[in-house]
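The sequence and structure come first.

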Amino acid sequence: MFPFVAKRIWSGFLTLAALATLTFFIMRLAPGGPFSRNRKISPEVQANIEAAFHLDEPVWQQFGRYIWGIVRGDLGPSTRFRDYSVNDLIASGLPYSLTIGFWAILVASLVGIGLGLAGALRRNGWTDYAAGTVGVIGIAVPIFIIGPLAQLYFSVHLGWFPVGGMNDGWRSLVLPVLVLALPNIAYISRLTRSSLIETMRENHVRTSRAKGIGPWLVMVRHVMTGAMLPVVAYLGPAAAALITGSILIETVFALPGIGRFFVDAALNRDYPLVMGITLVYGGFLILFNLLTDLLRGWMDPRVRHEG
Amino acid sequence: MKAEAPQSTLSLQFRRVRANRLAMVSVWVLLAVVLMCYLGPYAFPFTGEDADFDNISAPIDLFSAHPFGTDDYGRDLLVRVLEGGRVSLAIGFLGALVAGVIGVLYGAVSGFVGGRVDNLMMRAVEVLYGFPYIILVILLGLLFGGGTLALFAAIVFTLWLTPAVIVRAQAQSLAKREFVEAARAGGMPNWQIIWTHIVPNCVSVVIVYGSLLVPEVILSESFLSFLGIGIKEPQASWGNLIQAGTSAMETDLRLLLLPGMLLATVLFCLNFIADGLRDAFDPNER
């Protein structure tokens, strides 16, 4: 197990390093800067600003400064929100994003696995069709359509939840979490269903049933253990889907999370903030992929020897 | 009893797709949407960027010059949605095609050649896989400076990975087969073996995954345009039309519903077609 874990951690570290490098050079090469506005500023002021943000140094020196900053956990100053560092902005937005992401992934796993189970146990029954319909809608209708429609119906018409913002306690979380969870509910329920059906056909399941083990015990001990592997493997991609979704959700529901900062920063060419949030997202994704791999390796010894 | 003509696996598989009613209906609906988007705008005497100042924010009136009304600049909504569809569909299909071709070639070479080359090529893919996909698209979009072509390049650059990994696995197992051995013994150069033996044998896998790529590309495009990073006004795309629709939805829902429903329809169809293809090409799944 140990070499497997070490290898995964090492490759995660490599990915993060590559991400930091790539992000830095993409941002350096991208046209326009944070200070190229329509308003004319005198060359002295321009030079002062550039000196303050070290934009007058050669690129390799800027890169070294940036990497050294990352190592010390300092992501530099934001060029758009004066007087705020990227660290401050991320620290203020991350709790909201994490809260929403946590609840969304919890809801998605519970509901998704539940729907998949219901579908697999009563194939072609009404629960199966209902689960299938939810699945198809969740996969095909993008959340930037479902989100606004949910706002319109549940917030504006019925007035149950706030339209946006975070000022209403748990109520302001309900819609964003549900909308964000929906595509993942769809994927997880489909995956659970097909993998359960496949496992239930296998020989060891038939044997244990023939030996007279009760249907519940067979399900819990012999079907679920094997059938959950692909579902666990989906956790990594699910984290990626959550990041994508949370950027949208935070924009649609006007939540002060890092996804909205990211879009804002990208539109305003606030490069340090873009790079900082990219690293945070990348770090999370890598962490999730690592956890998924470890979980799979723990559940299924074959995975450890894949190389 | 009449002897049946021998059939290739591929034609058998396509016959199985044709037997799938949902997939076939989806094909026809999709075809209708595509034709509508490409031919529809010619039926109107104005384009989606022409403002009609006498009819600003006109409501739905099927028998007027603007059947689905106009937006707050007086631009015809239907024509804008159809023109936006052209962009979204073109990026979707071309993007999936280009990403598919790159992925197949990369995967075929990597899987067939094997050894150190394979190791290096797959390490690169692994590193790229660890990146948050949508973040990478946004960064590349910034790098290429926005616009349709930039968006296209950014999406393709991030989407060829999955086909590459799948084809590589296929190519690896093919490389050990006897007919490849025979070709090698017969003195065929590597590139020719890849081209005539490996790539054609990966076709069915690629069709299944390629069909899943199309909705993904369309979704990415509209996602970015929705956020204002992709295709920008005045050029229409489903993403920025939906964005404009959401900001006006409390007073006028049709601005959101028309592009939204068309996008959802296309995504539904593409998903059903992809499901149908997967069932036909990979019967073990069900």
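## Terms and model

Helix axes are lines fitted to C-alpha atoms over the stretch in contact, and angles run from 0 to 180 degrees between N-to-C directions. The model is predicted: local features need pLDDT of at least 70, side-chain atom pairs count only at pLDDT 80 or more, and totals for chains, interfaces and linings use all residues. Residues are numbered from 1 along each chain as its sequence is written, while chains are lettered from A and ligands numbered from 1 in the order in which they are written.

## Chain B

Chain B contains 12 helices and zero strands (DSSP runs, H or I of at least four residues for helices and E of at least two for strands, numbered from the N terminus). Of its 286 residues, 45% are buried (20 or more other C-beta atoms within 10 Å of the residue's own, C-beta atoms being placed from the backbone).

## Helix α3(B)

Helix α3 of chain B covers residues 77-113, 37 residues in total. From first C-alpha to last it reaches 53 Å, close to the 54 Å expected at 1.5 Å a residue (1.5 Å times one less than the number of residues). Because 27 of the 37 residues of α3(B) are buried, the helix is largely enclosed by the rest of the structure. Gly114(B), with a positive phi near 65°, follows α3(B).

## Packing against α9(B)

α3(B) packs with helix α9 (residues 190-201) of chain B at about 105°, the axes being 10 Å apart. The two are therefore roughly perpendicular (65 to 115 degrees). Val104(B), Ala108(B), Val109(B) and Phe112(B) of α3(B) make the contact with Ile194(B), Ile198(B) and Val199(B) of α9(B) (C-beta atoms within 7 Å).

Note on methods. A residue is buried if 20 or more other C-beta atoms lie within 10 Å of its own, exposed if 12 or fewer, and partly exposed in between; C-beta atoms are placed from the backbone. Angles under 35 degrees count as roughly parallel, over 145 as roughly antiparallel, 65 to 115 as roughly perpendicular and the rest as oblique. Two residues are in contact if their C-beta atoms, placed from the backbone, lie within 7 Å.
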